[in-house]
Amino acid sequence: MCQVDEEYNGQLDHRVTPRVSKKCVKCKENTTVLIIRAGDAFCRGCFKEYFIHKFRAMLGKNRVIFPGEKVLLAVSGGPASSSMLSQVQEGLSRDAPKKLRFVPGIIYIDEGGASGQSMEERKRTVAQLESVFRATNYHYHIVHLEQVLSLPSSVLEAGSSATGKPPTGSSYKAAVDHFIPTRKNQNQHPDLSVENAQSHLSNLSMQEVQNGVTSPITPEHTQALKRLFASVRTPTAKEDLLHTLRQHLILHTARTQGYTKVMMGDSCSRLAIKLLSNISLGRGASLATDTGFSDPRHGDVVIVRPMRDYSSKEIAYYNRMFDIPSVFIPGLDSKAQDKASIQRLTESFVTKLQTDFPSTVSTIYRTSEKLHTACPPQNTNTQLSAKCLLCVCALDTKLGESHCQCTKMASHHGNVLYSLNKKTCHFVLKRTVDLKSLLCYSCRLTIKDMTALDALPQYILSEAERRRSQMREEISEFLLDEEEDEAIPRVNGS
């Protein structure tokens with residue numbers, strides 16, 4: 001047995017743990033200030049170079065953003081998107097060795113109306129973010145979530161891309177060759193420089209906000225938005241619907257303002273959570289586009305994720321060490337329990353597993369890089385009838401469904417008027433449209449959790465009616481008229 005006064009005389013081995021006093025693994029000279037993972041100890045200067053190089057390498061490896069393009073930065077105020085904004089500022093600064101060559105803009109979606117924030121809280125949050133945006137001298141857009149109620153139905157249509165095919169190395173080189181003479185001309189005429197243009201755009205942005213050019217929100221719009229989210233029964237469906245409406249607003253702003261690329265601040269940790277939660281939500285068919293670097297499903301506007309190689313730990317360290325401002329904004333899942341929704345449960349599972357097994361996030365993330373969709377390519381040549389009405393991904397459901405399932409779906413909402421033909425069953429709802437045949441599997445589950453479909457924004461219902469009428473016109477020659485239908489002899493008096 002062990003004794004209290006027993007002496008081991010230093011025979012026990014002591015576990016060697018990494019200390020902050022170690023030297024930097026890169027420069028071998030300066031003292032380590034942080035340890036990202038086992039064996040990766042960096043000093044302050046080397047960590048900054050490592051962080052910046054990873055951002056540049058992600059953009060340079062994929063070559064999706066061409067020189068001179070307008071790129072919209074989706075900034076939510078969180079750590080990841082704020083760090084992304086800082087990296088763009090670093091790449092466009094005068095001291096950058098290899099400057100980025102695109103023209104940035106910023107968009108912020110105010111979701112306070114959906115999360116129950118008061119108008120004073122929302123104005124205070126917008127004021128904090130505006131101070132950050134003005135310091136960048138970039139053109140910025142403050143868009144309220146209530147504006148989704150007045151969107152046109154064209155936002156649900158895929159636009160035509162400039163090239164119609166993915167960019168290649170030769171096309172990127174041609175864009176660079178075209179950009180260099182333009183840049184030299186700007187250097188000869190400083191009044192036309194990108195910096196002055198960005199400063200001018202920033203001033204215009206401030207004037208637009210002050211003059212009220214952006215659509216002002218009214219109490220009626222806020223009440224309609226609250227009524228929409230109140231009609232959704234489960235928090236899982238609410239978060240999924242909020243994500244869809246947010247994407248529609250970003251896409252509409254990018255199209256109206258002439259942006260061809262949208263940068264999202266999804267980190268490696270966030271994409272790992274998104275991968276597992278999307279599988280649980282039934283979005284397995286679109287995982288490659290939902291978690292990949294680029295998402296070309298919209299055609300004329302491509303969504304890119306340059307922060308997908310960063311973990312949340314790296315982003316938190318960088319923001320803390322270099323004073324990157326961020327704003328905490330409560331959302332739908334703030335203060336929610338772990339089992340409140342599928343998204344929240346997945347986040348809790350991955351985060352807790354990452355604490356005990358540090359390679360969890362990287363393993364899930366590396367798995368997502370190997371995913372490829374089996375559906376047809378997401379381009380403008382794909383018919384609208386083959387794309388989901390809400391998320392614009394390829395439909396992963398069979399088109400031929402039994403009439404009894406359609407009847408069950410329609411009778412669930414009531415007020416059904418139906419007419420039977422020889423081979424076709426057509427339903428017309430008095431107040432809503434049967435959206436089931438126009439949605440993917442996951443969006444069907446979201447709509448199924450709604451108690452009133454007429455609470456959806458009008459542009460969704462209008463586009464659904466247009467697609468349904470277009471489908472009726474395509475099969476009109478195969479349908480029987482009412483007179484011909486009455487002339488058909490009935491069996492057993494039916």
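A: Strand S6 (residues 261–263) and strand S8 (residues 302–304) pair in the parallel sense, over 3 bridges. Within this pair, Val262 has Ile303 of S8 as its bridge partner. Strands here are DSSP runs of type E with at least two residues, helices are runs of type H or I with at least four, and both are numbered from the N terminus. Two strands count as paired if DSSP finds at least two bridges between them. In general, strands of a sheet pair through backbone hydrogen bonds, either parallel or antiparallel.

The model is a predicted one: local features need pLDDT of at least 70 and side-chain atom pairs count only at pLDDT 80 or more, whereas totals for chains, interfaces and linings use all residues. Residues are numbered from 1 along each chain as its sequence is written, and side-chain values use heavy atoms, with hydrogens and water left out.

The S6 and S8 pair belongs to an open sheet of 6 strands, in the order S5-S4-S3-S6-S8-S7, with mixed pairing. At its edges are S5 and strand S7 (294–295), each of which pairs on one side only. Helix H4 packs on this sheet and touches strand S4 (103–110) and S5; the direction of H4 makes about 175° with that of S4. Such angles run from 0 to 180 degrees between N-to-C directions, with axes fitted to C-alpha atoms, for helices over the stretch in contact. A contact, or touch, means heavy atoms within 4.5 Å.

Between H4 (119–136) and S5 (139–144) there is a loop that holds Asn137. The phi of Asn137 is near 65°, a positive value in a residue other than glycine. Most residues other than glycine have a negative phi. Asn137 counts as partly exposed because its relative accessibility is 38%; buried means under 20% relative accessible area, exposed over 50%, and partly exposed in between (1.4 Å probe, protein chains only).

Met263, a residue of S6 by its number, is also among the residues with the most contacts inside the largest nonpolar core. That core has 54 residues, and Phe47, Phe55, Leu73, Val88 and Phe133 are likewise among those with the most contacts inside it. Helix H1 (residues 44–62) gives the most to this core, with 8 residues. A nonpolar core is a set of buried Ala, Val, Leu, Ile, Met, Phe, Trp, Tyr and Cys residues joined through side-chain atoms within 4.5 Å. Leaving aside residues up to four places away in sequence, Phe133 touches Val75, Leu85, Ile106, Tyr108, Tyr138, Tyr140 and Ile142. Another core lies apart from the largest one; it has 48 residues, including Ala114, Leu242, Leu249 and Val301.

In the loop between helix H11 (312–321) and H12 is Ser341, which counts as buried because its relative accessibility is 5%. Not counting residues up to four places away in sequence, Ser341 touches Pro235, Thr236 and Glu239. H11 has Glu314, Ile315, Tyr318, Asn319 and Met321 as its buried residues, and their cover includes S1, H1 and helix H2 (79–92).

Strand S1 (residues 34–37) runs antiparallel to strand S2 (residues 40–42), to which 3 bridges join it. Ile35 stands opposite Ala41 in S2. The two strands form a hairpin with 2 residues between them, and Gly39 in the turn has a positive phi of about 90°.

For the protein chain as a whole, there are 17 helices and 10 strands, and buried residues make up 43% of the 494 residues. Of the contacts with a separation of 6 or more, 72% are between residues 24 or more positions apart.
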